[in-house]
Every structure is written in structure tokens, then in C-alpha cells.
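Dear colleague,

My notes on what was found in it follow directly after.

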Amino acid sequence: MRGWNGKMTILRDLSMLWSLFHILILFMLLYRSRYSRNKTFLLTGIIMGPLILLNVVGLAIYGAELMGKVFILTCTLPSLLFFLYMSRDKKGKFFFTFCLADTVALWIIAVTNIMDFYLGGQQYILMFVGRLVLFPLVEWGAARRIRKPYRELQESVIGGWGLFAGMTALYYILLAVVANFPVVITKRPQELPAFVLILLLMPMTYATILVAMYRQLLLHRKQQSGRILQEQKNTLEAQLDNQQNIRKMKHDMKGYTATLSGLLAAGKTQEAAEYLAGMDKKMDALSGQFCANPYINATLASYDRKMEEISAVCRMDIQIGEEELPYMDLCRILADGLENALDALKELEEDRREVSVHMRYHREYLLIRIKNRCMDSLHVAWGEEVPTSKTEPGHGFGLPAIREAAERLDGDMCCYTENGYFLLDVMVKI
């Protein structure tokens with residue numbers, strides 16, 4: 001009989017090893033590591049592998065009741081600290097993802113434990129089979145239905161994660177405490193109905209949270225579509241303005257030609273050369289020709305005219321050619337950055353309105369810098385968290401969208417204030 005119980009205990013221990021291993025898989029399906037995939041898997045195996053084995057050995061030696069009480073200390077907290085270091089996301093985003101994966105896993109463990117105790121005669125067979133099936137099933141659903149929109153949510157939704165993270169953390173603590181204190185729930189049958197209600201309530205609460213987040217995602221997509229349509233509108237307006245400028249230049253060419261012919265006829269070649277250089281510069285200004293890429297040029301030309309309307313000095317140093325570029329994302333970066341600059345300059349006196357745009361290559365990266373005067377009260381330190389709303393005139397709105405576009409191009413962005421200027425630096429891989 002003792003041998004039979006020993007064999008059954010092995011099933012319990014194997015089911016726990018299986019559960020801990022699949023908690024990792026579920027979490028790694030959802031979270032975003034700051035390292036490459038290979039490095040993430042290597043570091044996870046080095047740290048989490050021994051940690052899981054130690055907990056399974058503790059289960060075999062000390063039993064499920066004791067290990068259930070100290071599991072938060074022996075597994076949850078160490079894994080939380082490790083993945084917090086590994087994760088690209090911090091604060092609410094990370095804690096919500098971590099608690100979501102852990103709570104779902106704890107829910108499966110609790111349900112299979114109760115089913116085995118009351119329906120399986122505590123032989124651990126039903127527990128083992130249940131966990132063997134439920135964990136892959138949940139992971140399949142997460143990979144097929146949740147992972148892609150959830151990753152998009154992490155990139156697009158900035159606020160609101162802290163509240164959801166707090167709810168999931170409380171659910172995790174509630175499940176862990178009710179299931180194991182003062183003794184395991186199977187030894188407290190009078191409290192089982194309340195525990196079952198908690199188990200039923202948890203999926204409904206998570207479904208509500210995910211639906212709310214999905215609605216935020218739909219709103220974000222709608223805003224993105226609106227921004228793209230606005231950029232297309234600006235591009236078309238810039239093209240129409242360019243055509244009008246070209247017609248104006250054709251009309252003015254007669255006058256330019258007459259003046260140039262007169263200077264040459266009088267033998268004033270130096271004055272003619274200077275006049276010709278002035279004509280060339282004026283033509284470039286009229287046509288808004290800042291670079292060879294028509295889409296980027298249209299965006300720059302559009303904002304150059306807007307800066308001129310508020311009497312702002314606008315300098316463009318664009319060192320790109322006719323090469324193929326991801327113009328949709330680059331135009332979005334330029335448009336959002338220059339829109340912020342435009343709003344900031346409107347708050348200043350006319351003699352302080354100044355902005356510059358620089359674009360150049362450095363090895364395999366394209367560097368973009370938008371630099372504008374700003375309010376003296378605005379202070380943003382280098383490396384500080386990107387503002388999510390306009391806490392100061394002209395800056396904050398659109399910065400998360402710029403970072404999102406930069407990250408989509410395997411790049412990054414930073415912004416800071418320096419000597420009365422606001423600087424936005426963006427680096428994207430080309």
C-alpha cells in the first residue's frame with residue numbers, strides 16, 4: 001500500500017513540475033523581453049530551471065501543504081524579480097502580465113486539486129491528467145486568440161495598467177491565501193462553496209478586463225487611422241501647393257529672364273551670377289524642396305509653411321536621397337514631432353519662435369532630431385519617462401506614438417530640454 005501511495009505521489013510531483021514549466025510558457029507568450037529571443041530563452045533556462053526543480057524537490061520532501069504556504073516566497077517573488085529585470089515593460093504593464101499568467105496557472109492548479117480530491121479519490125490521477133490537458137489548452141488559446149492583440153495593446157495603450165495590475169495581484173493573493181491558509185481548502189469543506197464562487201468569479205473578471213482593453217485597442221486603431229488620413233490629407237495639400245508654386249514660378253520666369261538678360265548685356269557677370277543664385281534659392285523655397293523623397297518632402301513642406309504662418313524661423317537639414325524608405329512611419333514621426341513643436345512655439349513671443357529639423361545617416365541608422373524653443377518652465381531630463389499628455393504647452397501629445405513608430409523600425413527615441421530648447425531625438429534602423 002505504501003508503494004502504491006508512493007507511485008501516486010510521483011504523479012502529484014510530476015503534475016506540479018508540469019504546472020511550473022507551463023506557467024513559464026504562458027507568461028513568455030504574453031510578456032515582451034528586452035533581449036533577443038535566444039538570449040531570453042538562455043537566461044530563463046539558467047535562472048528558472050533550477051528554481052522550478054528546487055520547488056518540486058521541496059514538494060516531494062515537505063509535502064503540498066507546507067510548500068503551498070511558502071510558494072510565494074520560494075517561487076513567485078524570485079521569478080517576479082527575475083522577469084522584472086528581463087522585461088521591456090515596467091510598472092503596471094509588467095505586473096499585470098505577470099499576475100495574469102500566475103493567477104491563471106494557480107486557478108488551474110486549484111481546480112484540478114479540488115476535482116482530484118472529491119472526484120478522483122485523492123489518487124492524483126485526475127489531477128495529473130487535468131493539468132496535462134488544461135495547460136496546453138490555455139496556451140493554445142493564448143497563442144491563437146490573445147497574444148497578438150495583447151502585444152498590440154502593450155505597444156499602444158499607455159495608461160490604465162496599474163489598476164488592472166492591482167486587481168490581478170489581489171486575485172492571486174486571494175486564491176493563494178484561501179486555498180492554503182490556515183490549512184489546504186480540501187481540509188475545510190465548510191469554506192469550499194465560497195472558494196468555488198471565487199474560482200467562478202475570476203474568469204468573468206478577467207474577461208471584463210480584456211474586453212475593456214480590447215475596446216481601448218479599437219479606439220487606438222481608430223486614432224491611428226485618423227492620423228494616417230490626416231497625413232495623407234497633408235501630403236495631398238502639399239502636392240497641390242507645389243503645383244500652384246510651379247505655375248507661379250513659370251509666370252515669374254519671364255521677369256527673371258528679362259532681368260538676367262539685362263545684367264548679361266551690360267557685362268555685369270558677377271551680379272548676374274549672384275542674381276542666378278538668388279533665383280535658385282527662391283525656387284527651392286517656393287517649391288518646398290527639402291529632400292528627394294516626395295512623401296517626406298511633402299510633410300516637411302507642409303510644416304514649413306505652418307511655421308512661416310506663425311513667423312517662426314525654420315531650418316531644414318535633410319541629408320537623404322532617393323533611396324526607398326519606410327515613409328509612412330517616418331512621416332508620422334516627423335508630423336507628430338513638428339506638430340508638438342508648432343504648438344510649443346505658438347506659446348512663445350514671435351522673436352523666440354525657432355525650430356530646426358536634421359535628418360542624416362549614421363552607419364545603418366537614420367537619425368532624426370527636431371529642436372525647438374520652448375517655455376522656460378518646461379523641464380524634461382534625458383532618459384525620463386515619456387510624457388503621456390500635454391502637461392506643458394506643446395509637448396507630450398504624440399510622443400508615445402513617435403516611440404511606437406520608432407520601435408516598429410527597430411529604433412528608439414528620447415526627448416529632453418536643454419538651454420531653453422526641447423530636443424526630440426529619434427533613431428531608426430534602415
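The buried residues of α11 are L399, P400, A401, I402, E404, A405 and A406, where buried means under 20% relative accessible area, exposed over 50% and partly exposed in between (1.4 Å probe, protein chains only). Helix α11 covers residues 399-408, and seven of its 10 residues are buried, so this helix is largely enclosed by the rest of the structure. Just after α11, D410 takes a positive phi of about 55°.

Before the remaining findings, a word on the basis of the values. The model is predicted, so local features need pLDDT of at least 70 and side-chain atom pairs count only at pLDDT 80 or more, while totals for chains, interfaces and linings use all residues. Residues are numbered from 1 along each chain as its sequence is written, and side-chain values use heavy atoms, with hydrogens and water left out.

Overall composition

The protein has 11 helices and five strands; helices (H or I, at least four residues) and strands (E, at least two) are DSSP runs, numbered from the N terminus. Of its 430 residues, 44% count as buried. Among contacts (heavy atoms within 4.5 Å) between residues at least 6 apart in sequence, 72% join residues at least 24 apart.

The sheet

The five strands form an open sheet in the order β1-β2-β3-β5-β4, with mixed pairing; two strands pair if DSSP finds at least two bridges between them. The edge strands, each pairing on one side only, are β1 (313-318) and β4. From one strand to the next, the twist averages 10°.

Strand β2 (residues 354-362) pairs with β3 in the antiparallel sense over eight bridges, and R360 stands opposite L367 in β3. Strand β3 (residues 365-373) in turn pairs with β5, again antiparallel, over nine bridges; here I368 stands opposite V426 in β5.

How enclosed is β5? Seven of the nine residues of β5 are buried, so this strand is largely enclosed by the rest of the structure. Helix α9 (residues 294-309) lies across β1 and β2 and runs at about 165° to β1; axes are lines fitted to C-alpha atoms, for helices over the stretch in contact, and angles run from 0 to 180 degrees between N-to-C directions.

The nonpolar cores

A nonpolar core is a set of buried Ala, Val, Leu, Ile, Met, Phe, Trp, Tyr and Cys residues joined through side-chain atoms within 4.5 Å. Of the 59 residues in the largest such core, L20, F83, F96 and F195 touch the most other members. The elements that give two or more residues to this core are α1 (2-30), α2 (37-62), α3 (64-86), α4 (91-119), α5 (125-156), α6 (161-180) and α7 (192-265). Its largest share, 13 residues, comes from α4. L20 touches I52, N55, V56, F71 and C75, not counting residues up to four places away in sequence. A second, separate core of 41 residues includes A335, A341, C374 and L424.

Helices α4 and α6 pack at an angle of about 30°, with their axes 8 Å apart. That makes α4 roughly parallel to α6, given that angles under 35 degrees count as roughly parallel, over 145 as roughly antiparallel, 65 to 115 as roughly perpendicular and the rest as oblique. Their crossing is left-handed, a term used if the near helix is turned anticlockwise from the far one by less than a right angle, with right-handed used if clockwise. Among the residues of α4 that meet α6 are F95, F96, L100 and W107, and the residues they and others in α4 meet include W161, F164, Y171 and Y172.

R188 lies in the loop between α6 and α7. At 5% relative accessibility, R188 counts as buried. R188 touches V177, V178, A179, N180, F181, P182 and V183, not counting residues up to four places away in sequence.

With kind regards
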